[in-house]
Amino acid sequence: MRVSLSVLFLIIGQLTASAQSIPHLQKQGEATQLIVQDRPFIVLGGELGNSTFTSVENMEPVWPKLKAMHLNTVLAPVYWELIEPEEGKYDFDLLDKLINEARKHELKLVLLWFGSWKNSMSSHAPAWIKLNQEKYPRAKDERAVSQEILTPFSNNNLQADAKAFKALMQHIKQMDGQQQTVIMVQPENEIGMLPSARDYHPLANKQFNSAIPTELMQYLQKNKDILVPEFLEVWKQNGFKTKGTWEEVFGKGLHTDELFMAWFFAKYAEAITKAGKEAYPLPMFVNAALIRPGKTPGEYPSAGPLPHLMDIWKAGAPSVDMLSPDFYTPDFEHWNDLYVRQGNPLFIPEHRFDATAAPKALFAIGHYEAIGFSPFSIESKPNPEKEELGKAYQLIAQLQPLITAHQGKQEMDAVLLDKTKQLSTVVLGDYEFSFKNSYTLGWEAGAGEEVWDFGGAIIIQTGPNEFYIAGSGVVATFKNQRQRNKIVGILKNEEGVFENGKWRVIRHLNGDQTHQGRHIRISHGDYSIQRLTLYEYE
């Protein structure tokens, strides 16, 4: 059968267009963007409680709550035990219902594969896995006691999980490849070893007493100049050795136990991710339970995709697109600063659904140019229409075209302020902005409280002297950081909204709203957007 060149080019063009239309990640300047249906997409998400979507009926009261909070994406678990209740027999009925309901409510989905591990444990593995421990062995602690954790050193465990995950991705492609409701997938959930720092199964002990894998050592030597300092110091203290067992190269201690486990967890996650991407190459990420203060490996889930183990995970799992933090600890900036090293895109798939979520969403997306943000148990609030998260998401949704246009170009930033951090400085173009928590003015209820509400705002530069500021609980002053002799004033200050991508002015702000031209302010609880034009005089 002969095919004309024109038909051949048409087929190639269609295949290329199809490949390009799959949700994917791409760079814009220094930022990484998630592209969905050929447009940059910011995940304004919320993660469902682990057992919420067990039937369509259970979700009926949930969908309106999600819309009331202006979500565009739901993070939802997919359970291995329900997908493959019998070995080799798959049931995607519940998943199909979830996808159809999400489409009906015009929401995207990020699916969380609860496969070999969920919160370190293997609670969602199928019964036929759990009941056959000889074929599908468990991890063991230092006393050789089996744990509710599938060992990552078993090829049987790996192949069973990879086969199921690949079947899942094949089904998603077949069912959703055109409509693209599912935009990202998380293989496994909060991988980590408990209550020991490492696995003591005989398969694990054999690897622990063997030579460091050549693949890992070659990566470390090649990337020595950019390794994260926490890991580099561990390697340095034992003399930068390049051959030997794990303890010979890195020394004895819990730190080496954790490095060892991180490598084999990463290799396992790589095999799962690679199998899934062979079927349908959506962006994929792994998430980590962060370390609580004072805890050691095994007291926290040892060897997960944590920032001090970033080099091990990147070496072992190159098919994984992002390492992502789950936040149930303070120090939001500290942990995010660690996660964005080495060009790792920031995506926050899970955050405690508390009063700080709204300003932190603004800060993550504005300062770190994050792909998205998602509080956990998003359906748990009784009055979702009153949640500040929804107000913040509404602002980000309006600003999304501006945000994505300016990502990676050093034309956008954000601030996060409370009582311990009352001031933050932002420099954009010629101007230096000094942002303070608006409680510092002493005018608002709450200013006298011992603990202050967080204030947060995004600022975007759209011209030499034009800026948009969106958020709540902030006050800002400004100066020309290059020509200090000039006084900077407010030429125009407007409060408004974006409707169909066009700016509509609600109020021209002056007088008391700008402190007679001396600052701009958005009070706590008042989530709004202001457009600011500056000028100089002497």
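In which helix is the place of Ala162? Ala162 lies in helix α7 of what is a predicted model.

**Ala162 and its surroundings**

Because buried means under 20% relative accessible area, Ala162, at 10% relative accessibility, counts as buried. Leaving aside residues up to four places away in sequence, Ala162 touches Ile272 and Ala275. The C-alpha atom of Ala162 is separated by 9.9 Å from that of Pro187, a residue 25 residues apart from it along the chain.

**The packing of α7 and α12**

Two packed helices are described by the angle between their axes and the distance between the axes. Helix α7 (residues 155–176) packs with helix α12 (residues 254–279) at an angle of about 30°, and their axes are 8 Å apart. Since angles under 35 degrees count as roughly parallel, α7 and α12 are roughly parallel to each other. The crossing in which α7 passes α12 is right-handed. On the α7 side, the contact is made by Asn157, Leu158, Asp161, Ala162, Phe165, Lys166, Met169, Gln170 and Lys173. These meet Tyr268, Ala271, Ile272, Thr273, Ala275, Gly276, Glu278 and Ala279 in α12. By class, the residues of this contact comprise nine nonpolar, four polar and four charged.

Strand β5 (residues 73–79) is mostly covered, with seven of its seven residues buried. In a regular strand the side chains alternate between the two faces of the sheet. In β5, Thr73, Leu75, Pro77 and Tyr79 point one way, whereas Val74, Ala76 and Val78 point the other way, and all are buried. β5 pairs in the parallel sense with strand β4 (residues 43–47) and also with strand β6 (residues 108–118).

| Strand pair | Sense and number of bridges | One of the bridge partners |
|---|---|---|
| β4 and β5 | parallel, three bridges | Glu47 with Leu75 in β5 |
| β5 and β6 | parallel, seven bridges | Val74 with Leu109 in β6 |

Technical notes:
Residues are numbered from 1 along each chain as its sequence is written. This is a predicted model: local features need pLDDT of at least 70, side-chain atom pairs count only at pLDDT 80 or more; totals for chains, interfaces and linings use all residues. Side-chain values use heavy atoms; hydrogens and water are left out. Axes are lines fitted to C-alpha atoms, for helices over the stretch in contact, and angles run from 0 to 180 degrees between N-to-C directions. Helices (H or I, at least four residues) and strands (E, at least two) are DSSP runs, numbered from the N terminus. Angles under 35 degrees count as roughly parallel, over 145 as roughly antiparallel, 65 to 115 as roughly perpendicular and the rest as oblique. A crossing is left-handed if the near helix is turned anticlockwise from the far one by less than a right angle, and right-handed if clockwise. Contact means heavy atoms within 4.5 Å. Ala, Val, Leu, Ile, Met, Phe, Trp, Tyr, Cys and Pro count as nonpolar, Asp, Glu, Lys and Arg as charged, and the others, Gly among them, as polar. Buried means under 20% relative accessible area, exposed over 50%, partly exposed in between (1.4 Å probe, protein chains only). Two strands pair if DSSP finds at least two bridges between them.
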